[in-house]
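Here's a quick briefing to read alongside the model. Have the sequence and the 3D view open as you go.

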Amino acid sequence: MRETAAQDLLDWYDTHARTMPWRVPPADRKAGVAPDPYHIWLSEVMLQQTTVAAVTEYFRKFVARWPTVADLAAAEDADVMAAWAGLGYYARARNLLKCARTVASEYGGQFPRTRAGLEKLPGIGPYTSAAISAIAFDQPETVVDGNVERVMARLHDEHTPLPAAKPILTQQAEALTPQHRPGDYAQAVMDLGATICTPRNPACGLCPWRTPCTARQAGTAPELPKKTPKKAKPVRRGIAYVGRRADGAWLLETRPDSGLLGGMLGWPGSDWSEAPAPPPAPPVDTDWHPLEGEVRHTFTHFHLILAIQTAWLPQDAAPSAGGFVPSAEFRPADLPTVMRKVFDLAQTSLR
DNA sequence: CATGCGTGGGG
DNA sequence: TCCCCAAGCAT
C-alpha cells in the first residue's frame, strides 16, 4: 500500500463528503470547528445497524427535545422509549439513558476522549468508542464497521469469510489509519463504503482507491466480503388482545426491560412460539372478537404471525395484565412497529 | 464465540 | 415475495 493512500481518500472526502445533521463538513473542520461530542455519541448509537436515512429525523427530534446530555439524563424513561419507538434495537435506548446519566453525574457532563474511557459506558463497544474518539476528538483511532470490513476485504482481496476475517480486516484498517485528520479519515472510509464501495454494483471507476484495490484487479470486488451463511428464520405465532374501555382508554402493558422489545409499550397477549400452544387467558374476562386478518412482521431472527382479538371493556374492568392509557394520552407512534401494526388493524373495529 | 436483538429500503 | 443489508452491543 502506498503511503499516500490515506491522503488520496481524504482528498476524495474533501469534495464528496455526505452532509448529515451531526457532521461538521471537512472545510469547517479544517477551519477549527469541532463537533459536539453529544451529537456524535447520539448519532453513532442511533446508527448502530441502522441506515442514515432512518436515523436523521430521530436525531433531529432528540436534539430538539434534549439539547444536551444533561437534558437527556434528566428525561423520563418512558419519554425516551416513546421517542425511540420505530427505530428498533430498543436496548440501545435503555443504554442511551444509562450512559447519559453516568456522563452527567460522574463525568461532569463531559464524554471521555479515549477509547478505553468511552468503552466503559453502556451501549458503547469497540466500534462506537473508536468512532466517538476519532470523530468528536480527532484521536487516531481506527473504526471498523460493516463499511470498513467491506472496503478492506476488497482492497486486499481477502476471501476469508466474516466473522472469522474480522481480526485480519481490523489489522489492515489500523495499518492505513493516518495520524493526520483521523476523524475525517474515519468518516471518509465509511462514506466510501456507503456510496462507492457498495455491497452490490460497486462504482469502482469512481473510487479514489481503484488503483491499489486488488479485488478490482482480480475482478472479485462484487463478491466480497464473503460471509458465513445464515440460518433460516422460523415462523412463530401468537395472539394479541386489543381492549378498549368504555371511556376510550386502551389496555396496554409496558414490556419487561430485558428481551425482545424490552421496556416498550405493547398489547397484552400470548408468548410467541413455533409450536402450537393453547391460547392464554385474556387480560379481561369478557367477550373477545377475533379479527379477520393477521399481522405479519419479521424480526432479526424469526417471522411472526399474530392473530388479533378485540373487545370493548367495561368501565370497571380489572385487567390481569397491563393498564389503561387514556385515549388523549395514547399515541400509536409511541409503539414499536409490530405493535403499531396491530393497532392499525384493530382500531377500525373499536371506534 | 454464537446468539438475541428491529426496522425499512432496495434488488 | 423474499433475502440482504445498515456507522454493533451485551451476554
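Domain bounds here come from an automatic or database domain assignment. On that basis chain A splits into domain 1 (5-223) and domain 2 (235-350), and their centres, taken over C-alpha atoms, sit 36 Å apart. Keep in mind that this is a predicted model, where local features need pLDDT of at least 70, side-chain atom pairs count only at pLDDT 80 or more, and totals for chains, interfaces and linings use all residues. Residues are numbered from 1 along each chain as its sequence is written, chains are lettered from A and ligands numbered from 1 in the order in which they are written, and side-chain values use heavy atoms, with hydrogens and water left out.

- Seven residues from domain 1 and 12 residues from domain 2 make the contact (heavy atoms within 4.5 Å).
- About 690 Å² is buried between domain 1 and domain 2, with carbon and sulfur atoms giving 55% of that; buried area is the accessible area (1.4 Å probe) that two parts lose on being put together, summed over both.
- On the domain 1 side, the residues touching domain 2 are five nonpolar, one polar and one charged (Ala, Val, Leu, Ile, Met, Phe, Trp, Tyr, Cys and Pro count as nonpolar, Asp, Glu, Lys and Arg as charged, and the others, Gly among them, as polar).

**Around DNA strand B**

- DNA strand B has 21 residues around it, and the closest are Y90, L261, H297, H301 and T337 (near means a heavy atom within 4 Å).
- By class, that surface has eight nonpolar, 10 polar and three charged residues.
- Y90 puts a polar side-chain atom 2.8 Å from a phosphate oxygen of DNA strand B, while Y89 has a backbone N or O atom 3.0 Å from a sugar or linking oxygen.
- T300 goes to a base: an N or O atom in its side chain is 2.8 Å from a base nitrogen of DNA strand B.
- α14 gives the most to this surface, with three residues (helices are DSSP runs of H or I, at least four residues, numbered from the N terminus).

**Salt bridges**

- The whole structure has 16 salt bridges (a side-chain nitrogen of Lys or Arg within 4 Å of a carboxyl oxygen of Asp or Glu).
- One of them pairs D191 with R18, with the closest N and O atoms 2.9 Å apart.
- That pair links distant parts of the chain, 173 residues apart: D191 is in helix α12 (residues 182-195), and R18 is in the loop between α1 (5-16) and α2 (26-30).
- Between domain 1 and domain 2, the rule finds zero salt bridges.

Technical notes. A polar contact is a pair of N or O atoms within 3.5 Å; within protein, one must be able to donate a hydrogen and the other to accept it, and residues adjacent in sequence count only if both atoms are side-chain atoms. Helices (H or I, at least four residues) and strands (E, at least two) are DSSP runs, numbered from the N terminus.
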